[in-house]
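Trainee: I've got a model open and I'd like to learn how to read its strands, helices and cores. Could you walk me through it?

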Amino acid sequence: MNNTYNVEINNTSTIDFNNPYIIETLQYAFSSGMIHMEDVQDDMRKAERQRLLNMHTNSIFYSENEKRWKTTLPDETKKNNRRLIARKNKTDLEDLIIEFYKEKEEKEKAEQEGRYNEYMTLRDVFPDWLNYKNCQTQASSYIRRIKNDWNRYYEHDSIVDIPIKNLTYIQLNTWAHNLVKNNSLTSKQYYNMSMIIRQALDYVAEEYPAVITDNTFKRVKIKSRMFRKTKKPASETQVFTDADKQAICDLALEKYKKRPKSISGLAIVFNFHLGLRVGELVALKWSDIDYDRNRIHIQRMESAQYSLDKEGEVTKTGVGVVEYTKSDAGDRELYLDDTARSILDMVRKRSMKYNFYDDDYIFVNLYSKRLKGGKINEFLYDLCDEINIGRKSTHKIRKTYISTLFDGGLNIDKIREIAGHEDEKTSLHNYCFDRREDKETEKLLESLNTPVSICQI
């Protein structure tokens, strides 16, 4: 064999594959069985695997408590610039690490060549999409809910790190079905959760057509039998009986007489006659009242406030009043009955006597500040404790009022309008409960059934 060339075969960095001697030598080695292709390929895979693992400088450790292997990967979206990953098997964890650095190299190469968008993932696009979503709503609590769903269902799922262009229908469909099964989701929970991937992929198709031109997730359908069915709660847990309502109102008025500067009790009695959301109740202003028509305009609400930073983090900044309601249907005018008008007269006289005013709000505390919804709920819990019934929130007052409208025989569309619901199904399915006690129901059943003469046998 010609040994003119001095070549170190085991060091690929010195091999010139354009050299005819090198080609001849390799051909001889393979044909003679000195080198096996399978062994070479296996060694190459091991070398590549080790090379990628060597890029990972963070420690890999085993948690005895959780029985899982753990480490952290770089993640600029996190405050500490890293995210925790864990697997039961060390090899599986190493596979995740290798895939991460492999994709990282591919992204860096694509970016250098001006092809970065080809490797865009859901994790990449989520902050931009969330900011886009944020500019379309005034409800910062809605953005918080989206962020919570992301953290719960997406943040630690491998699907968010797969290049969007590589996501297939089978992959997405399998992911969605497993998510429903593993988390026992209701149809509503799934709809809210999947909104992120549905709309994010729409955003990518519109903004980055070089990545995808169509949203494959639109084809994903979950059959209704897959969802966890929700059982309607027992009526006694959702509404006040007439007797309990009377006891709560009597006690609230009694406490008001003893402490006329405290107004939570009047707000509670008032709401038994309007059935407002507590956020709507504490946002009412005197200017909302039309005295000639005995109407009050519901047009704003109290709401928790959240801010969204550039990194996509959502932070609570406080509680305030916003000039809109929960939905378009929430902006409505309601009738003020005699009791409601009497309560308002009491509130006005109290405010004038003690000079309690705050930007025209009706319900103002003894520090001349708008009463907060949380304080009314706390006061109602105390009343429930005193009359020895299970604690019920102000939302149960709302359910009681709407159930009363059903019992009174109002047209269902009128009930929907009064409740501020967009769909009458919401009013019927979620706010219609039996307020009667068992003895009352039994008495009513007796009166409804025509007596039948029973012949003696």
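Mentor: Two strands pair if DSSP finds at least two bridges between them. Helices (H or I, at least four residues) and strands (E, at least two) are themselves DSSP runs, numbered from the N terminus. Here, β5 and β8 pair in the antiparallel sense, over four bridges.

Before we go on, the housekeeping: this is a predicted model, where local features need pLDDT of at least 70 and side-chain atom pairs count only at pLDDT 80 or more, while totals for chains, interfaces and linings use all residues. Residues are numbered from 1 along each chain as its sequence is written, and side-chain values use heavy atoms, with hydrogens and water left out.

Trainee: Which residue stands opposite Y335 in β8?

Mentor: That's R295. Zoom out and you get an open sheet of three strands, ordered β4-β5-β8, with antiparallel pairing. Its edge strands, β4 (289–290) and β8 (332–335), each pair on one side only.

Trainee: What is the order of the strands in the open sheet that holds β1?

Mentor: It goes β1-β2-β3, and the pairing is antiparallel. β1 (61–63) and β3 (82–87) are the edges, each pairing on one side only. From one strand to the next, the twist averages 40 degrees; axes are lines fitted to C-alpha atoms, for helices over the stretch in contact, and angles run from 0 to 180 degrees between N-to-C directions. Strand β2 (residues 68–74) is joined to β3 by six bridges, and T71 stands opposite I85 in β3.

Trainee: Now helices. Is α9 mostly covered or uncovered?

Mentor: First the cut-off: buried means under 20% relative accessible area, exposed over 50%, partly exposed in between (1.4 Å probe, protein chains only). α9 is mostly covered, with eight of its eight residues buried. Among the elements covering them are α8, α10 (278–281), α11, α12 and α13.

Trainee: Which residues touch the most other members in the largest nonpolar core?

Mentor: A nonpolar core is a set of buried Ala, Val, Leu, Ile, Met, Phe, Trp, Tyr and Cys residues joined through side-chain atoms within 4.5 Å. The largest one has 46 residues, and I268, F270, L284, I296, I362 and F363 touch the most other members. Elements supplying at least two residues each include α9 (264–271), β5 (295–298) and α12 (373–386). There's also a second, separate core of 40 residues, which includes M120, W175, L201 and F227.

Trainee: What is L284 in contact with, leaving aside its neighbours within four places in sequence?

Mentor: Contact means heavy atoms within 4.5 Å. For L284, the partners include F270, L276, I296, Y361, I362 and F363, along with H297, R300 and D360.
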